[in-house]
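Welcome, and please open your viewer. We will go from stop to stop, and at each one you will hear what to select and what to look for there.

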Amino acid sequence: MPYNLKITEDKDGQLEISGEVSAEDFATYRPAVIKKLQATATIDGFRPGQVPEKILIDRLGEETILQQMAEEALQKAYPEIVAEKELAPIGRPAVTITKLAKDNPLGFTIKTAIVPTFDLPDYRQLATEALAETPINDEEITAKEIDDFIANLQKMEVAKNTPQKEEGGETKTEDRPPIDEAFIKKFGDFATVADFRDKIKAQLTAEKTHKQKEKRRAAILDRLAAAVNPALPDILINQELQKMLAELKGQIEQMGIKFDDYLNHLKKTTDELTAGWKDDATKRVKVGLILEKIIAAEKLEVGQDEVDQYTEAILKHHQANENIDPAAVRRYAQGVLLNEKALELLEKDA
């Protein structure tokens, strides 16, 4: 289907596609849109699906009909254009309607980004170098570390039971509850104090191992990111900034704090908050593109059962969110699992 296209690309890999859907083709979307709106419109005196077309248009307005038609037409046009012109877009396109009128062509402009081209570095060697610089610390958790952890638990108990205590005040040793059966039962079903200490040691060991693993992975990703310098379209950086903002918002709200209240406390707008994030967003985009290339080069795959389980876990965690898109969550889950496989490969071979 011809769209009278004009496609331009700037030096940063951003693509602008301008074109038209002919008046004849645009008009073909009208019957289906009318039918869909008739089924969902709530108009006094008429049952759903029984609203006459003229009354529907009078109540909703011709502009609403045309907007819905344009949305349907462009949802079909964009993938057709991508396939016909053999484009490799990445990220969410920004669509602008430039002409919208009944019995006229639909004019549009689509701005998107194309996958930056770059050669993969020797990622196995870079991973080896990174891991050599971040050796594993095999030292065991000491008795003092366990004692310090328990002392913090004691302080928490004192603070909980004496809310009038001045903020920042020191908890005296004699004020702390004794480490006995009554105390340890507040934190779990522990048989003895020795069992309590063993579990704390295991927890601290796991946390230490996790931190070391994250540090080593960060070292690998730093090396990979420094080895390539692809032209990154602004649209990708901006989308990553929005993703980072959404992640922070989710963390804040999980703590039971409204995000607007959080911003008010900081005395910042969202733009001011994200102003210093561009370097991190750029690095995250770059790392994501590198991992995608490694996944393709190594032909890495994940089982559908694994994707199903992870998807279900995410949906269960966000079950209160009625607007969540299961298909989008599944794509996200698959991406996370594939990235994990790529990182495990680098850690294993290095």
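Contact here means heavy atoms within 4.5 Å. Helices are DSSP runs of H or I with at least four residues, numbered from the N terminus. Before you start selecting, note that this is a predicted model, where local features need pLDDT of at least 70, side-chain atom pairs count only at pLDDT 80 or more, and totals for chains, interfaces and linings use all residues. Residues are numbered from 1 along each chain as its sequence is written, and side-chain values use heavy atoms, with hydrogens and water left out.

Select residues 30-40, helix H2, and residues 53-60, helix H3. On the H2 side, look for Arg 30, Ile 34, Leu 37 and Gln 38; they meet Glu 53, Leu 56, Ile 57 and Leu 60 in H3. This contact has five nonpolar, one polar and two charged residues (Ala, Val, Leu, Ile, Met, Phe, Trp, Tyr, Cys and Pro count as nonpolar, Asp, Glu, Lys and Arg as charged, and the others, Gly among them, as polar).

How do the axes of H2 and H3 cross? They come within 11 Å and cross at roughly 80 degrees, with axes being lines fitted to C-alpha atoms over the stretch in contact and angles running from 0 to 180 degrees between N-to-C directions. H2 and H3 are therefore roughly perpendicular to each other (65 to 115 degrees).

**Stop two: Arg 30 again**

The term means a side-chain nitrogen of Lys or Arg within 4 Å of a carboxyl oxygen of Asp or Glu. Because Arg 30 lies in helix H2 and Glu 62 in helix H4 (residues 62-84), the pair ties together parts that are 32 residues apart in sequence.

Is Arg 30 buried or exposed? At 12% relative accessibility, Arg 30 counts as buried, while Glu 62, at 23%, is partly exposed. Buried means under 20% relative accessible area, exposed over 50%, and partly exposed in between (1.4 Å probe, protein chains only).

**Stop three: helix H5**

Now pick Arg 223 and Glu 129, which form a salt bridge of 2.6 Å, N to O. Arg 223 sits in helix H8 (residues 193-227) and Glu 129 in helix H5, so this pair joins parts 94 residues apart in sequence.

Next, select Arg 124 and Glu 298, a salt bridge whose closest N and O atoms are 2.7 Å apart. Here Arg 124 belongs to helix H5 (residues 123-133), and Glu 298 to the loop between helix H12 (278-297) and helix H13 (304-317).

Terms used. Helices (H or I, at least four residues) and strands (E, at least two) are DSSP runs, numbered from the N terminus. Angles under 35 degrees count as roughly parallel, over 145 as roughly antiparallel, 65 to 115 as roughly perpendicular and the rest as oblique.
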